[in-house]
Amino acid sequence: MATTVHSPQWWKWVVMVSSFFALLLGGTVSYCAGVVHVALLDHYHEDVTVTAWLGSLFASMFALTGPVASLAINMFSCRTCVILGGVLELVGFACSAFITDMRWLFLTYAILVGLGEGLVYTGSIVILGFYFRDQVSLVTGVGMAGVGMGTFFLPPLTQYLVDIYGLEGCFLFLGAIAFHAAVFGALMRPSDLETALAVSAKSGKTLCQQILTSLCGQCGRVGEMFHPAFLLLLLATFSFSVGNFISYLFLPDIFIKQGSSPQQASFLISVVGIGGALSRLLGGFAANDPNIGPSILFSGTYGVIATIDFFITPMTKTIVGKVAYAFMFGLYASVGWVLVNPLTLHIVGVRNLASAYGIVMLASGIGILVGPPVASIIAAVHGKYQEAFYFAGSTFFVSSMCGLMIMLLKKTHSDLAEEKSDIPELQSLTDGKDHANQADGITLVIQPPSTGHAPIPSAPFRDDDMWNEHSCFQ
């Protein structure tokens, strides 16, 4: 006897809320890198460059691990990916609390915690694309607002924990907070579409073939992933990641050097978080408007923040100017994280969303990794941080130009509509309806081991009909 397993229609809202809180608690710890950077210098008294590399690696790991997260999603599920990430964050922070040689922190703090954060982040974002394909910009904005809220409360909380309990106690508390992401990850029940893609990735393939498919997507030819619009998205993501994390890592220092106390500096980073939370929410609404779209919004916001970065010196001479800069930086520089998911979906399609998003996050991680050390060299040569922010502004300008070019090359909404009409099963799952409710949707068949006859599902999933006859780019 065949059994059909579906999620209730309302479960997608549980997934959206779970994504918000998983990102809030476990997907934002890298935004404490600036506060922890200062604490590490005071605690270990190591070379500034070594400490900067540690902070840069930690901040970049959540993105560098994108392909690993894609592999976990395609081989298992988004739920497994997020739960594993929460566990790794707990273990990494707990081990870091007992480290006496800072070089071991490259393993426990930068790699373990960073890997855990990457699994939580990618899994929580990708699952929204599976449940809300037609409203992915809007729902991603809601979910990413959790990152903005985390940016708001985690830096001052981290500074408070360092002041009261020291760096070791701070690590223990952060590990306990991040572990709660695993609780919300447990609520991320796989959608029917996600289940179908997992079946497609594994059907008739060896383990090595399954891994290759999970990493490179469902394309018949791996080269199709290197579409010009997708390459531009990789360049844009790399560029804005360089600029973003130069600012996040060095903003506390530049505020302190201009007369702010460490507590005031952490408060100003929280102001960045307020702007970021507002930006992520409003950006999702704006990108969902067909008259605007994610490409125009991406280009415009990074053009604005590129201009603002060139005026950081006069803007940060007074406390009012510092607050204004922090808020505008959060407002304009955070939109890109909301738009990466819908842009990726529009370019490569839902079949390759998890794999392509992992590659995009890898490009972001490389930018985060190389940006702060390069900025440290620029600051050391010129003797002040302002030149590093000018460099960050130039990277934002590159992202803005890439956004304009993507608008000319990427798939449009009409292309997606044509893709759905060509694939009846995909039409029934995603045409403005909740795919978990469709009677003719994908079914999960559970066969009792005692019978010798194969069950006949009420609505069989046909991998060859749904995916193999269509390439990534029409």
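**Overall architecture, cysteines and a nonpolar surface patch**

Of the 474 residues in the protein, 57% are buried (under 20% relative accessible area, with exposed meaning over 50% and partly exposed in between; 1.4 Å probe, protein chains only). The model is predicted, so local features need pLDDT of at least 70 and side-chain atom pairs count only at pLDDT 80 or more, whereas totals for chains, interfaces and linings use all residues. Residues are numbered from 1 along each chain as its sequence is written, and side-chain values use heavy atoms, with hydrogens and water left out.

The secondary structure comprises 20 helices and zero strands (DSSP runs numbered from the N terminus; helices are H or I of at least four residues, strands E of at least two). Among contacts (heavy atoms within 4.5 Å) between residues at least 6 apart in sequence, 84% join residues at least 24 apart.

Zero disulfides (pairs of cysteine sulfur atoms within 2.5 Å) are present. The cysteine sulfur closest to that of Cys78 belongs to Cys81 and lies 6.8 Å away, too far for a bond. Cys78 is buried, at 0% relative accessibility, and Cys81 is likewise buried, at 0%.

The accessible surface (Shrake-Rupley method, 1.4 Å probe; for residues, only the protein chains shown count as cover) comes to about 17,700 Å², and 69% of this area belongs to carbon and sulfur atoms. Ile292, Ile296, Phe397, Met401, Leu404, Met407, Leu408 and Leu409 make a nonpolar surface patch of about 700 Å². Patch residues have over 30% relative accessible area and no salt bridge, with like charges joined within 9 Å and nonpolar side chains (Val, Leu, Ile, Met, Phe, Trp, Tyr) within 5 Å; a salt bridge places a side-chain nitrogen of Lys or Arg within 4 Å of a carboxyl oxygen of Asp or Glu. Helix H17 (residues 386-409) contributes the largest share of the patch, six residues. Leu408 is found in helix H17 and counts as exposed, at 68% relative accessibility.
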